[in-house]
Amino acid sequence: METDSMERPKSNTDPTQTTLKEERDKALTQTTRRGGETKLLIQTTQRGRGPVAENGRSKRSAGELEQEIAMMPVSLTRGLLLLCLCIAAATMRTAEAAGGGGYMKYKDPKQPLNTRINDLLSRMTLEEKIGQMTQIERLVASAEVMNKYYIGSVFSGAVSVPSEKDSAETWVTMVNDFQKGSLSTRLGIPMIYGIDAVHGHNTVYKATIFPHNVGLGATRDPELVKRIGAATALEVRATGIPYVFAPCIAVCRDPRWGRCYESYSEDHKVVQAMTQIIPGLQGDIPPNSRKGVPFVAAGNKKVAACAKHYVGDGGTTKGIDENNTVINRHGLLSIHMPPYYNSIIEGVATIMVSYSSWNGVKMHANRDLVTGFLKNTLRFRGFVISDFQGIDRITSPAYANYSYSITAGINAGIDMIMVPYNYTKFIDGLTFQVKNKIIPMSRIDDAVRRILRVKFIMGLFENPLADHSLVNQLGSQEHRDLAREAVRRSLVLLKNGESADKPLLPLPKKTSKILVAGSHADNLGYQCGGWTIEWQGLSGNDLTHGTTILTGIKNTVDPETEVVYKKNPDAEYVKSNDFSYAIVVVGEPPYAETFGDSLTLTLPDAGLKTITNVCGAVKCVVIVISGRPVVIQPYVPLLDALVAAWLPGSEGQGVADVLFGDYGFTGKLSRTWFKTVDQLPMNVGDPHYDPLFPFGFGLTTTPTRAN
């Protein structure tokens, strides 16, 4: 009987022998291409023959090796080749797992999204996964830190800039330096840089500052807001940043809240409409996209958005920031939740959790609402991010039990933690809890999967580094013209003369002499408000580029009209100067967040005194610069005209455009204007609704010339 150990007769015409020869040739070619370990294995089968290799084993030429393999019994040859191929495959897998050479699916943009996510996730160590879940402030970031700790995200806090009045190019360089640290890691996962851009790219010098959301809500124009989102995205990208912590989609139910100007309206329907800023920032989601899957348009002109603050931040008791929203589940879902429905449908990439509580449970620890409702019911597939030191504040006082805060926050469903400074404490704490099964590995994988999904969708793996191609977009004239339009559309005319037959507005451009008075008439910082260059805002005209309301007035009136500015004139001065009319611009000083909480909502005494001194002596229009309705009822009878200008931003010329009739007043109140603070909270639809000016109120004027 013939066996595999017996040598077969040679025959040049035997088709079986020819096939085996071809099989061996093919295998030999493949194995010799697959690295040293396979070739070394073949060499070791030729013991005792020919020259000795450096490893002590004999060398054979490729031809000799081929001849000897061809002479081997078929079963032995097949076994050897199978072993070679298995070792080669294992070698490749080992190299790929180490992040080395070879084909890696996650790096291939042609692969399906989930294939890329799964491939990368399978290669990651626990250390790398936790790094992705960590967001740190730029002050503690460096290329070395990014590399060592596999940090997933960096951000600029409210006052965190490379240096004062930096250029777009400087920002790009800084962001790229951090990114290069991330790209030098084993797997080369890019970081994502984030920044607050709540009314334009508001931290950066020379950026266009748009009206705050309370003013945009008064426009009732979602398409305008979408264009503002697109302009903001371009200016943010101009500085190399691909991620913004905006929009705020809070439904502010009490103007005593210091963040009420970040809310478009007390009415969730208005806020829902204004979520059109999300496709402005991210791009229009393609038709038939899966609900809940994030979307950011390809290229370098869009940014990932962040709907915030989930959920109920605008409903806290007495408007106290970061406090408790007391409302039943139906109320929460019908008033505060609807804007999130729209945001998710529009493909928002991320959602930020609120500092506030719902019926005593901190939102940062609320698994029912974060995982149960947002992720499971609404099918949100982007990532959930904490607020600044958000998990620290789960306990009272903050940071009292950081280990518990980590457990509660991560198990609630938060995917990325805005640490922001003591990142090693967070990384070590989370690592310990995973290794000790306090937090399951499945929760970590869910978080990282979501973070990677956003990064892949954004195209960060293909284009991780920014360039200078968009630097001219920062503060461009086109964007300033858009902001000026937004100012015009946001102004709400609350009073215009004693009757409709005798309106004061629009004002005549040509007259002998006019008075401009008030603390906010010539103060760019005041008219921009909080979250402008610095967290709490600034006073003065040197903080950034823009046009004050006073300058806008001077640009608009007839060249022969004398404009006199006096910040706080007394009554005698006003009476003795024979002014044709006066424009008084007063309001709130800048503030942000808790620093803006107010139980009285009164204007500063100096502003009220200016109103009294001026409007008691001459015809006047009062322009109120504020982030919310304020106490004004006692002064209304004294005024000839009253305008709510909110926080108009850098383009004060837009106020003058409407005052003098180049454009008409069209804005409508997005908030109820109360009579006294004792009525608060009071919102449209409430029983016993008795406002000074109701929700939706706004007088109109006709332009004096065609535009």
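The model is a predicted one: local features need pLDDT of at least 70, side-chain atom pairs count only at pLDDT 80 or more, and totals for chains, interfaces and linings use all residues. Residues are numbered from 1 along each chain as its sequence is written, and side-chain values use heavy atoms, with hydrogens and water left out.

**Helix H10**

- H10 runs over residues 222-238, and its 17 residues reach 24 Å from the first C-alpha to the last. That is close to the 24 Å expected at 1.5 Å a residue, where the expected span is 1.5 Å times one less than the number of residues.
- Helices here are DSSP runs of H or I with at least four residues, numbered from the N terminus.
- H10 is mostly covered, with 13 of its 17 residues buried; buried means under 20% relative accessible area, exposed over 50% and partly exposed in between, using a 1.4 Å probe and protein chains only.
- Where H10 starts, the backbone nitrogen of Glu223 has a side-chain oxygen of Asp221 within 3.1 Å.

**The largest cavity**

- Rolling a probe the size of a water molecule over the atoms shows where empty space is left.
- Searching the whole structure turns up seven cavities of 30 Å³ or more, and the largest cavity has a volume of about 110 Å³.
- Of the 18 residues lining the largest cavity, Ala197, Val198, His199, Asn213 and Ile277 are the closest to its centre.
- A cavity is a set of points, on a 1 Å grid over the protein atoms alone, where a 1.4 Å probe fits but cannot get out, and lining residues have an atom within 4 Å of a point. Points are joined across faces, edges and corners, and the volume is the space filled by probe spheres set on them.
- H10 turns up again here: along with helix H9 (213-219) and helix H12 (277-282), H10 supplies at least two residues of the lining.
- The lining divides into twelve nonpolar residues, five polar and one charged. Ala, Val, Leu, Ile, Met, Phe, Trp, Tyr, Cys and Pro count as nonpolar, Asp, Glu, Lys and Arg as charged, and the others, Gly among them, as polar.

**Cysteines**

- There are two disulfides in the whole structure, a disulfide being a pair of cysteine sulfur atoms within 2.5 Å.
- Cys252 and Cys260 form one of them, with sulfur atoms 2.1 Å apart. Their link is left-handed, at -105 degrees about the S-S bond.
- Cys252 is buried at 0% relative accessible area, and Cys260 is buried at 1%.
- Cys615 is joined to Cys620, S to S 2.0 Å. The torsion about this S-S bond is about 110 degrees, so the disulfide is right-handed.
- Cys615 counts as buried at 7% relative accessibility, and so does Cys620 at 0%.
- Cys248 is in no disulfide, and the nearest cysteine sulfur, that of Cys252, is 9.1 Å away. Cys248 is buried too, at 3% relative accessibility.

**A buried aspartate**

- Asp662 sits in the segment after helix H24 (653-659). Asp662 counts as buried because its relative accessibility is 8%.
- The side chain of Asp662 makes a polar contact with the side chain of Lys509, at 2.7 Å. A polar contact is a pair of N or O atoms within 3.5 Å; within protein, one must be able to donate a hydrogen and the other to accept it, and residues adjacent in sequence count only if both atoms are side-chain atoms.

Notes: On a 1 Å grid over the protein atoms alone, a cavity is a set of points where a 1.4 Å probe fits but cannot get out, and a pocket is an open set with protein on both sides within 12 Å along at least five of seven lines; lining residues have an atom within 4 Å of a point.
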